[in-house]
Each structure stands twice: as structure tokens, then as C-alpha cells.
Amino acid sequence: MSSSLYRGMLATLLCLLVGACGSLTADKPEPVAEVPEIRPGILQGYLPMSDPLESVVFVPASPEENAARQQLDNAISRQALALRDTPRWALATQDAHLGFPAAANTFSCALDLPISEEKTPALYMLLRRTLADVGLATYSAKNAYQRPRPFMANGQPTCTPEEEEMLRGDGSYPSGHTSIGWGWALILAELAPERAEAILARGKAFGESRIVCNVHWYSDVVAGRMVAAGAVATLHANPQFMAAMAAARAEIRAVREQGQTSPLDCEKEKKALAFRL
């Protein structure tokens, strides 16, 4: 992959990370000395950037205009539009922003633990680094298929209007947010198998938030999960990642033994997730 193409991918991911395209926000994390940033706010992952996962090799082509898969996408998109201005819409808006430290809270309720640089530094670092590994893995397929996004077809609002201009030029298929969320869910379910069902359900909902936001089709989300599975499998051959997993697993065990639980309003999240597609 050319260096210029990779720079473009990183610029897009940076735009999504900070939650507002065009300028950095207060959500920008402090630099971490031990791990270099590949762009402001984005830490180097565990996998070598010189040899990214070629998702286009195993992700099937996006649906054709009149195909049954597209008809299913259209039907689910219409259902999702009905969730505008509900608690589910509010949660989808929250899920849209990948910037740390806020993004670390995504799985706090599912894991029933605090996730922060102060309370769980090993886990926090694991999530920050794998964001690049799993998110960037979608781009060889994205760039190959260049699928228009739902809001471009239906003319309806998204939950992140400030990102719409950038999203118009960033292929819809597969969903990078979904790949990140499902990748995190797979990693966390391995680290805390006693909470696997809740973690995987939250990872599923994280991808579906992109449908609720009117920025991805259902088939984009399915393909994003496929990319995540491939990226996480690849990570398991990386010694640094496996060492980070061991450290995070021990940390989770220690924090749980201390009796710490999620500091978030998990009942509010549960009610939002009750709105289903």
C-alpha cells in the first residue's frame, strides 16, 4: 500500500477520533511516551504498518443496487431512521466518537469495571493501540468498493452532521467503527470470559449504532465484523500483543478482586439498548 494512501487513511481515522472534522477537541488524549503516535491522538498499533491486513482479499463485494442484500439494507435503514431522537439515537451519537479517554467507557458497563488510564492502565493502552490495528484493516476493502453511505441515498440527517462532508469521501463498506467495536469486544471477551455475553452484545450494538446514525448500511456492519475477526486473529501471532493481553487480564482480575465496578449509569445504557433494530 502506498504511503500517500496510508496518510489519507490516517487522516480519516484522526477526523473520527477527535469527534469533529477540521479541528482537535478537548477529547484529544495526552501523548503517551512509551508508544509513538502515528498521527495526533492515534497510537501505533501492534501490527507493522508496512504490512496491513488486506481485507479486500476476504471481504465480499458490497451489494449491487437491486440485489437482495441491498433490499435488506434498505429495510433495516428505514427501521433505524425511526429511532431518531430516542435514547438509542443518543447512545449511537456517543458511540460515534472514538477519541480517548471517552471511548474507553464503551465497554465499562458490559465489563462491569472502570476502564481508564488511572484505574486500568494496561487495558486502556491495549484498547488505544488495537484501535489502529483493527480500524485501519478495513481500508483496503473500503478503497476498493467506495460504497456511498445511507445519508447520501436517503437525504436524512446523521447523528454527526459535522462529519458528513468527510464521510462522503470515505467508503461505507466495510464499517471501520464496527470493526473497532467488534474487535474490542472479541479481545475483552477473551480477557473476561465470565462477562462474554454482555461484552459481545455491547460490541454488536456498537456496530448497529452506525446504522442508527444513518452513516452505514447493515451489510457494512456485517463486513466490519468480518474484518475485526481477521485483524484480531492476526494480532494473536504478535508477541507484544499477547504480552499486553496477559497484563490486561491480570489487571482485570486485580481490579475485580478489589470490588470495583463500573462508575457509569449502566441502567441508562441498558434502557437505550432496549431499542432494537
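The structure is a predicted model, in which local features need pLDDT of at least 70, side-chain atom pairs count only at pLDDT 80 or more, and totals for chains, interfaces and linings use all residues. Residues are numbered from 1 along each chain as its sequence is written, and side-chain values use heavy atoms, with hydrogens and water left out.

## Overall make-up

The chain holds 13 helices and two strands. Helices (H or I, at least four residues) and strands (E, at least two) are DSSP runs, numbered from the N terminus. Of the 277 residues in the chain, 53% are buried. Buried means under 20% relative accessible area, exposed means over 50%, and partly exposed lies in between, with a 1.4 Å probe and protein chains only. Contact means heavy atoms within 4.5 Å. Among the contacts with a separation of 6 or more, 83% are between residues 24 or more positions apart.

## Helix packing around α9

Helix α9 covers residues 176-191 and helix α12 covers residues 239-257; their axes come within 9 Å and cross at roughly 60°. Axes are lines fitted to C-alpha atoms, for helices over the stretch in contact, and angles run from 0 to 180 degrees between N-to-C directions. α9 and α12 are therefore oblique to each other. Angles under 35 degrees count as roughly parallel, over 145 as roughly antiparallel, 65 to 115 as roughly perpendicular and the rest as oblique. From α9, the residues Ile 187, Glu 190 and Leu 191 meet Phe 241, Met 245, Ala 248, Arg 249 and Ile 252 of α12. The residues of this contact are six nonpolar, no polar and two charged. In this count Ala, Val, Leu, Ile, Met, Phe, Trp, Tyr, Cys and Pro are nonpolar, Asp, Glu, Lys and Arg are charged, and the others, Gly among them, are polar.

α9 also packs with α5, at an angle of about 140° and with the axes 9 Å apart. This pair is therefore oblique too, and α5 passes α9 in a right-handed crossing. On the α5 side the contact is made by Leu 123, Leu 126, Leu 127, Thr 130, Leu 131, Val 134 and Gly 135, and on the α9 side by Ser 179, Ile 180, Gly 183, Trp 184, Ile 187, Leu 188 and Leu 191. These divide into ten nonpolar, four polar and no charged residues.

## The nonpolar cores

In soluble globular proteins, nonpolar side chains tend to be buried together. A nonpolar core is here a set of buried Ala, Val, Leu, Ile, Met, Phe, Trp, Tyr and Cys residues joined through side-chain atoms within 4.5 Å. The largest one has 45 residues, of which Leu 111, Leu 123, Leu 126, Leu 191 and Ile 199 touch the most other members. At least two residues of this core come from each of α4 (108-111), α5 (121-136), α9, α10 (196-212), α11 (218-235) and α12. The largest share, eight residues, is supplied by α9. Apart from this core lies another, of ten residues, including Leu 83, Cys 159, Met 166 and Val 212.

Leu 191 is in contact with Leu 123, Leu 126, Met 245, Ala 248, Arg 249 and Ile 252, leaving aside neighbours within four places in sequence. Leu 111 lies in α4 and counts as buried, at 0% relative accessibility. With the neighbours within four places again left aside, Leu 111 is in contact with Leu 123, Leu 188, Ala 192, Arg 195, Ile 199, Ile 252 and Arg 256.

Ser 108 is also found in α4 and is buried, at 0% relative accessibility. Not counting residues up to four places away in sequence, Ser 108 touches Leu 113, Pro 114, Ile 115, Ser 262, Pro 263 and Leu 264.

| Pair | Sequence separation | C-alpha to C-alpha |
|---|---|---|
| Leu 111 and Ile 252 | 141 residues | 9.3 Å |
| Met 242 and Tyr 46 | 196 residues | 9.8 Å |

Met 242 is in α12 and is partly exposed, with a relative accessible area of 34%.

## Backbone details

The peptide bond from Phe 100 to Pro 101 is cis, with omega near 15°, and Pro 101 lies in the loop between α3 (87-96) and α4. Tyr 173 and Pro 174 are also joined by a cis peptide bond, with omega about 0°; Pro 174 is in the loop between α8 (164-168) and α9.

Asp 85, not a glycine, has a positive phi of about 65°. Asp 85 lies in the loop between α2 (68-81) and α3 and is exposed, at 63% relative accessibility. Asn 214, likewise not a glycine, has a positive phi of about 70°. Asn 214 lies in the loop between α10 and α11 and is buried, at 0% relative accessibility.

Technical notes. Left-handed = near helix turned anticlockwise from the far one by under 90°.
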